[in-house]
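Take the strands, the helices and the meeting of the chains in turn.

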Amino acid sequence: MSMSAEHDDALDDEVLRQVVSELRRPVRLDPSLDRRALDQIRAEATLRMAPRPDRRWRAWLAGAAVAAGVGLAVVLPDQQRPAGAPASPVTVEQGEASSDARSVRLRLAAPASSRVAVVGDFNDWDPAATPLRPVGDGGTWIVELRLKPGRYHYTFLIDGRRWARDPSEPPAAESDFGAPVSVLTVS
Amino acid sequence: MSDSDAALVARTLGGDLTAYAALMTRYRDKFGRYAFHMLGNREDAQEALQDSFVRAFRSLASCRQPERFGAWLFRIVVNRCRTVRRRLQRSRRFDADLPDDVAAGGERPDAFEWRDEIGQALEQLRPHYREAFLLRYVEGLEYAEMAEMTGAKEPALRMRVKRASDQLRELLRDVHVR
């Protein structure tokens, strides 16, 4: 990349010259940014080596969720949370619509975790397919998906061994089956 | 003497993550500055840059000219900023975050206000005008390099740069002479 643009005619203008001079000043970034990127890269590499759950397990997990009656979206935006319910670590933002898919962001609060992935109907329950990335320093992990309208069973896998779903779900569904599954409806 | 980009890419592909860390360190400030000016706030700029680093690592084997790793990575950063920018426009989430570097000696006494005005003026540009202006004048790319990076034709890029320049000049002239 050359720097010959510094001598471009347009920069003969004093105002623009000062604007460009200002914009070339360094911008301070979070010094942990590189480390977070490396952590994410390592986490993805580890997940790629993790064994995939077999088809029988996946069928059981999905069946348990359906039997528990979690047909409605159990991932509630904060403003829809019942009074007194614990703060949900999971939020979904359904964003841009396109001809056949919508942008969905999943967010999970998982402090002190080294890697988080989401597995579900949309990625064939593959723990290596959809890792979340950490943002900030508060233990928040996010991932963006492109999903066609429909219902998806899914859950989070933390550090390759611990499952997590929305704690605002009625405890019966969880205690009955022990399957931490959520259902997301994309409309 | 520091390792070349090509050498660091080769070491990374061989499994040496410290080599990739060195590449990130080499480019983080330059590309972070671009992301900051494109997105208008530090948090989104850092997220875009972190995403870019991870995405670049995932597809590093497809970097056909490792000696031009910087240009290859920059293209990923530019594309990532476009994506984040579109998301921000949908959510209307902008704030006038400013560089917080230490004031240099001899700086204008109203420097903070001047930076604020520049940020606001950039914000008023269409995203592709802003992108072209930053690539051309702040990052110092040639038009051919910009065309390769953005996929736009050179005449279109020249027009975007000119219009961005005209708009910035118009928006900031009164502030500048104050």
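A:Pro134 stands opposite A:Trp141 in β5(A). The strands β4(A) and β5(A) pair in the antiparallel sense over 3 bridges. Here two strands pair if DSSP finds at least two bridges between them. Strands (E, at least two residues) and helices (H or I, at least four) are DSSP runs, numbered from the N terminus. β4(A) and β5(A) form a hairpin, with 4 residues between them. In its turn, A:Gly136 has a positive phi of about 65°.

Two notes on reading the model. It is predicted, so to speak of local features takes a pLDDT of at least 70, and side-chain atom pairs count only at pLDDT 80 or more, while totals for chains, interfaces and linings use all residues. Residues are numbered from 1 along each chain as its sequence is written, and chains are lettered from A and ligands numbered from 1 in the order in which they are written.

β5(A) has another partner to follow, β2(A). Strand β5 covers residues 140-147 of chain A, and 8 bridges join β2(A) to β5(A). The two run antiparallel. A:Ser103 stands opposite A:Arg146 in β5(A).

A:Ala112 has a positive phi of about 60°, although it is not a glycine. Most residues other than glycine have a negative phi. Is A:Ala112 buried or exposed? It counts as exposed, because it has 7 C-beta neighbours inside 10 Å. The cut-offs are these: a residue is buried if 20 or more other C-beta atoms lie within 10 Å of its own, exposed if 12 or fewer, and partly exposed in between, with C-beta atoms placed from the backbone.

Now move to β6(A). Strand β3 (residues 116-120) of chain A pairs with β6(A) in the antiparallel sense, over 5 bridges. The bridge partner of A:Val119 in β6(A) is A:Thr155. Strand β8 (residues 182-186) of chain A is also joined to β6(A), by 5 bridges, and the two run antiparallel. There A:Gly150 stands opposite A:Val186 in β8(A). β7(A) is a further partner: 3 bridges join it to β6(A), again antiparallel. In β7(A), A:Arg162 is the bridge partner of A:Ile158.

The loop between β6 (150-158) and β7 (162-164) of chain A holds A:Gly160. A:Gly160 counts as partly exposed because it has 16 C-beta neighbours inside 10 Å. What separation do the C-alpha atoms of A:Gly160 and A:Pro127 have? They are separated by 8.0 Å, and the residues are 33 apart along the chain.

Turn to chain B. Its secondary structure comes to 8 helices and 0 strands. Of its 178 residues, 39% count as buried. Take its contacts with a separation of 6 or more: residues 24 or more positions apart account for 65% of them. A contact means that the C-beta atoms of two residues, placed from the backbone, lie within 7 Å.

Start at helix α1 (residues 5-13) of chain B. It packs with α2(B) at an angle of about 140°, with axes 7 Å apart. Axes are lines fitted to C-alpha atoms, for helices over the stretch in contact, and angles run from 0 to 180 degrees between N-to-C directions. B:Asp5, B:Leu8, B:Arg11 and B:Thr12 in α1(B) meet B:Ala19, B:Tyr20, B:Ala22 and B:Leu23 in α2(B).

Next, helix α2 (residues 17-39) of chain B packs with helix α3 (residues 42-58) of chain B, also at about 140°, with axes 9 Å apart. α2(B) and α3(B) are therefore oblique to each other. Angles under 35 degrees count as roughly parallel, over 145 as roughly antiparallel, 65 to 115 as roughly perpendicular and the rest as oblique. Among the contact residues are B:Phe31 and B:Phe36 of α2(B), and B:Phe53 and B:Phe57 of α3(B).

Finally, the two chains meet. In this contact, 35 residues of chain A touch 40 residues of chain B. On the side of chain A, the elements that give two or more residues are α1 (14-23), α2 (33-48), β1 (90-97) and β4 (133-135).
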